Amino acid sequence: MQELKSKISNLAELITSEKAFCKLLIFIMLALPISELFDERHYLAFNSQPTLVEMVGLATFFCIAVHFLKHKDIKYYASDLIFLLLLVFMALSAAFTLDREATFFGFNYDEWTTNFVGYFSFMMAGSMITDKKLKKEILRAFILVILIQVTVAFLQTFGLNIDMCFYDTEEIREKKMCYGLLQHSNWYGGLSVLMFACTSGIFLFTENKLARNSSFVLSLVCFYTLLCTEARLALVGVFGFIFFLIVSIIVMKLNGYNKKKLSSIIKRAGILGASAAAIAAFTILVLGRLKWKIERSANEISAFKSGNTGTFGTNRGTIWKAGLKTVPDHWLFGIGVDNYRHAFYLDPNYKKGMFTQGKGHNEYIHYLVTQGVPQLINYLSLLVLAAVTATRTVIKTDDDEERFINWTLLGMFFGYAAQAFFNSSVVNVVPYFWITVGLCLSKKNQRPFGYRKERRKAAAEKK
């Protein structure tokens, strides 16, 4: 019996180690695009991805649960509390949903309740990883994902489609818009922001010449395919990334960061910016990309000024209004996990066959409408905590490698968070963001509960 207990204890240690969490995250990152390739050979949309996120997510959740049950004397952090509250508010929203079938099973690109368990668990697993070598392994895995996605997307700009496009197929194929292995250009637009920020960060901060040169080329290809999505939300993400980069460089300069290293970063940023501007000019002026979106934007602004807010952002105004109308009556738990379409059914003027939409096309509004005010506050608190934790690390750490990893992650974080104001969470893209958030929240860089009390006690003992 003692031997069995020992084996179980050793197994528990193994599955709750940083390496185990790292392998789980790498597996789901690589499995998503690879499974898409096989699914689309059989003309299947969103077949394997929700199941993979469910399976790996539940396995990750199990490992996290074992971690907390086995290690009784560990320190607890704000991210642990937020993780618990994310699960609680999600469960309450699911329990009081107005449409159980949509919440628990969904269809097409709906996200299941178990998918959200997966997202939250991926974030938590990321926060468990403190070893910078393991963080670099995860970034390398994401580079492999980028190579797969960008190769497919680049071919699509020439009309060479090796995979299916299941949504808005005619328009996307006719205009040779990029959608990678994601079935819609908007979704690839969101992922391309993460990919561009990641490769740009490596180019800006790495000291390895081969990595610097190859990441420079890859970042420009990412940017080109980003433009070829012709998704305005992707440009919002790029502007968010650029704004973050400028502010972060100013902050580091004010905090007295090494002048030589900062000068090198600024020089590389200038080279990257000039190259990206040249690609944008070529793509718009020579290839004629984005011109129709610029015209559409002008028409939407004109309509908005005239009082027609519904057409704003390709009918996002209508979608947002329908959802926000439900908040006063369903503010506590929302109308049900990923049950946004039901907001249209609650409109007294709704008739069968009228326009509906299953996604809020704004991730923050989507959380508010489907899971309620407490969950939105909790989610925003998580994002603020991640940003503060990683920023503090970039400014204060003495380890340049740790600084540059977090600086890169922050660029990805702010780029995605910006485009999320106009995009939708989908199961084959958003896990990458949740992993990014988790890595920003590495417990090595957080302050545990009781931190100030311990500092005061230590200071008193010195006296």
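Visitor: By class, how many nonpolar, polar and charged residues does the lining of the largest pocket have?

Guide: The lining has 14 nonpolar, twelve polar and eight charged residues. Ala, Val, Leu, Ile, Met, Phe, Trp, Tyr, Cys and Pro count as nonpolar, Asp, Glu, Lys and Arg as charged, and the others, Gly among them, as polar. This is a predicted model, in which local features need pLDDT of at least 70 and side-chain atom pairs pLDDT 80 or more, while totals for chains, interfaces and linings use all residues. Residues are numbered from 1 along each chain as its sequence is written, and side-chain values use heavy atoms, without hydrogens and water.

Visitor: How do I read a pocket, and how much space lies in the largest pocket?

Guide: Rolling a probe the size of a water molecule over the atoms shows where empty space is left. On a 1 Å grid over the protein atoms alone, a cavity is a set of points where a 1.4 Å probe fits but cannot get out; a pocket is an open set with protein on both sides within 12 Å along at least five of seven lines; lining residues have an atom within 4 Å of a point. Grid points join across faces, edges and corners, and a volume is the space filled by probe spheres set on the points. Here the largest pocket holds about 840 Å³. It has 34 lining residues, and Asn186, Gly313, Thr314, Arg316 and His361 lie nearest its centre. Helices (H or I, at least four residues) are DSSP runs, numbered from the N terminus.

Visitor: Which residues are closest to the centre of the second largest pocket?

Guide: The second largest pocket has about 500 Å³ of space. Lys136, Leu139, Ile202, Thr206 and Ala211 are the closest to its centre, out of 19 lining residues. Helix 7, helix 9, helix 10 (209–227) and helix 18 each give at least two lining residues. Helix 18 has the largest share, five residues. The classes are eight nonpolar, six polar and five charged.

Visitor: How many cavities of 30 Å³ or more are there?

Guide: Three, over the whole structure. The largest cavity has about 80 Å³ of space. Its lining is Met29, Ile138, Leu139, Phe142, Leu409, Met412, Tyr432, Ile435, Thr436 and Leu439. Helix 7 (132–156), helix 18 (400–419) and helix 19 each give two or more of these. Helix 19 gives the most, with four residues. The lining has nine nonpolar residues, one polar and no charged.

Visitor: At what angle do helix 17 and helix 19 cross?

Guide: Axes are lines fitted to C-alpha atoms, for helices over the stretch in contact, and angles run from 0 to 180 degrees between N-to-C directions. Helix 17 (residues 373–396) and helix 19 (residues 430–440) cross at roughly 50 degrees, and their axes come within 8 Å. The two are therefore oblique; under 35 degrees counts as roughly parallel, over 145 as roughly antiparallel, 65 to 115 as roughly perpendicular and the rest as oblique. Contact means heavy atoms within 4.5 Å.

Visitor: How do helix 13 and helix 14 pack, and which residues make the contact?

Guide: The angle is about 40 degrees, with the axes 10 Å apart. Helix 13 and helix 14 are therefore oblique to each other. Arg296, Glu300 and Phe304 of helix 13 meet Phe312, Gly313 and Thr314 of helix 14. That contact has two nonpolar, two polar and two charged residues.
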